[in-house]
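Here are some notes to read alongside the model, written for someone opening it for the first time.

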Amino acid sequence: MQRISKFKTAWQLLKSSCGGAAKQVNISQAIARSFSHRPPEGPNSFGLLFDIDGVLVRGRTLIPEAKQCFRNLVDRNGKYKLPVVFVTNAGNCMRQTKAEHLSHLLDVEVSPDQVMLSHSPLRMFTQFHKMRVLVSGQGPIEEVAHNLGFQDVVTIDMLREAYPLLDVVDHSRRPKDNIPPTKGLQPIDAVILFGEPIRWETNLQLIIDVLLTNGNSDNNWNSGQYPHIPVLACNMDLLWMAEAKNPRFGHGMFLVCLESLYKKVTGYDLKYEALIGKPSVVTYNYAELLIRQQAEGLGWTAPVKRLYAIGDNPMADIYGANLYNHYLQASRRTKAQMQAKAGGVETVDDAPKMTSTELGGASGAYGAEEDLPEGCSSILVCTGVYSRDQQELPSDPDHTVTEQHIFHGHRDFRFDPTLTQPSFVVQDVKEAVELVFEQEGWPLE
């Protein structure tokens with residue numbers, strides 16, 4: 001699917017995801033209430049993408065500089081002066097819940113339309129919405145799945161109940177006395193991995209069961225049946241920063257376990273239909289749509305020229321922002337080539353192509369729309385996963401996996417050390433916003 005058609009579809013989904021013209025009016029009114037209508041001065045049209053964990057909060061604790069910096073982003077009436085989107089790889093809650101939590105912590109109004117969770121782009125994967133999907137994670141994931149458009153959802157607990165003999169690692173959860181009957185389920189068509197579950201051993205076992213039985217746990221394992229049913233995974237973060245002194249395991253670590261188990265049992269690599277969330281391009285495509293929607297609500301008539309992505313994780317936030325910047329530059333080159341070809345001039349693009357995994361479901365045929373941003377700058381803060389004490393990664397990929405230098409990216413992402421190098425490094429989010437305003441010539445008020 002071409003990027004231009006896919007994201008025009010996404011734009012319509014954004015406007016109508018909750019149904020009807022009345023909802024569109026409500027969204028427009030919400031944007032009008034939350035945003036100032038001061039147009040950008042001259043060409044200085046930009047938007048901000050904020051990571052949350054390690055940038056604004058650590059666990060449930062607000063980073064003090066976060067509240068201070070947001071005073072520069074709103075006017076005297078508390079309305080945003082520019083488009084702001086919160087892009088997090090978290091996915092164990094609804095957007096409304098995350099927006100309310102941020103509003104309370106930052107002491108400014110945050111709309112659900114400003115919040116993008118790791119699974120948000122799944123709204124665009126409509127080819128899976130009518131399939132029976134097994135979902136893995138924690139929190140209200142069944143509600144989340146239905147909200148994203150999936151109509152036939154099976155949870156791990158539902159699968160356990162239907163097949164009570166599958167989950168036997170924890171002896172206390174094994175059936176007692178009489179063996180309960182198997183209720184069975186209709187075959188599962190696809191697996192959606194939303195985030196790290198609570199009982200890893202249960203989810204790992206049952207997901208492997210589903211993959212090796214072609215979605216039907218009544219069948220025997222068949223490790224020779226390959227490829228398996230589709231798997232879509234959200235949030236590839238190996239590590240994330242909470243209140244603890246050192247980073248904690250993220251969903252990326254769960255994916256490493258699942259991939260390793262599948263490979264050990266079958267001899268084949270686990271394949272993903274899509275990897276969604278930072279650092280995949282599709283995540284930033286979707287965030288840009290939200291930025292564009294807010295710019296319209298601000299009354300801006302000129303397109304947003306630049307995006308600034310602020311994060312704490314070099315392999316998620318910085319890699320992702322830089323990868324998206326490469327995507328934008330590729331789009332500009334495509335446009336220039338099309339114009340040159342129309343004039344009878346043939347050109348050659350020698351830049352390396354992105355992999356389908358890095359695109360995350362976006363098309364490798366780069367769009368050439370007039371209103372794409374010109375670029376995306378990455379800003380790394382030192383209040384989360386990254387600290388200034390860390391050594392720089394070497395430029396030679398062959399030397400990255402050593403005792404000192406470990407590549408924390410996902411298995412299916414190529415290692416390009418230039419993508420982990422931020423445009424700017426600052427101490428905290430307050431310094432990041434001040435830097436952006438200085439770059440854009442906006443006054444700090």
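1. Start with a trio: D51, K278 and D317 are joined in a network of salt bridges. A salt bridge here is a side-chain nitrogen of Lys or Arg within 4 Å of a carboxyl oxygen of Asp or Glu. In general, side chains of opposite charge can pair when their charged atoms come close. The structure has 15 salt bridges.

2. A word on the ground rules. This is a predicted model, where local features need pLDDT of at least 70 and side-chain atom pairs count only at pLDDT 80 or more, while totals for chains, interfaces and linings use all residues. Residues are numbered from 1 along each chain as its sequence is written, and side-chain values use heavy atoms, with hydrogens and water left out.

3. Have a look at D152 and R132, a salt bridge whose closest N and O atoms are 3.1 Å apart. The pair links distant parts of the chain, with D152 in strand β7 (residues 152–155) and R132 in strand β6 (residues 132–136), 20 residues apart. Helices (H or I, at least four residues) and strands (E, at least two) are DSSP runs, numbered from the N terminus. R132 is buried at 16% relative accessible area, whereas D152 is partly exposed at 26%. Buried means under 20% relative accessible area, exposed over 50%, and partly exposed in between (1.4 Å probe, protein chains only).

4. Next comes K183, which meets E161 in a salt bridge (3.0 Å, N to O). This pair also links distant parts of the chain: E161 sits in helix α6, and K183 in the loop between α6 (156–162) and β8 (190–193), 22 residues apart. K183 is exposed, with a relative accessible area of 61%.

5. What separates R292 and E288 along helix α9? They are four residues apart in that helix (residues 281–297), which means about one helical turn.

6. Now the largest pocket, which holds about 810 Å³ of space. Of its 38 lining residues, D53, A90, N92, K98 and W240 are the closest to the centre. The elements giving two or more residues to the lining are α4 (95–106), β10 (239–240) and α10 (314–342), and α4 gives the most, with five. (A pocket is an open set of points on a 1 Å grid over the protein atoms alone, where a 1.4 Å probe fits, with protein on both sides within 12 Å along at least five of seven lines; lining residues have an atom within 4 Å of a point. Grid points are joined across faces, edges and corners, and the volume is the space filled by probe spheres set on them.)

7. Finally, the rings: there are 13 aromatic pairs. (Rings of Phe, Tyr and Trp, the last by its six-membered ring, pair if their centres lie within 6.5 Å; planes under 30 degrees apart count as stacked, over 60 as edge-to-face and the rest as tilted.) F70 and F86 are stacked, at 5.8 Å centre to centre with 10° between the planes. F70 lies in helix α3 (residues 64–70) and F86 in strand β4 (residues 84–87), so the pair ties together parts 16 residues apart in sequence. Both F70 and F86 are buried.

8. One more cluster to find: F46, Y308, F437 and W442 form one aromatic cluster.
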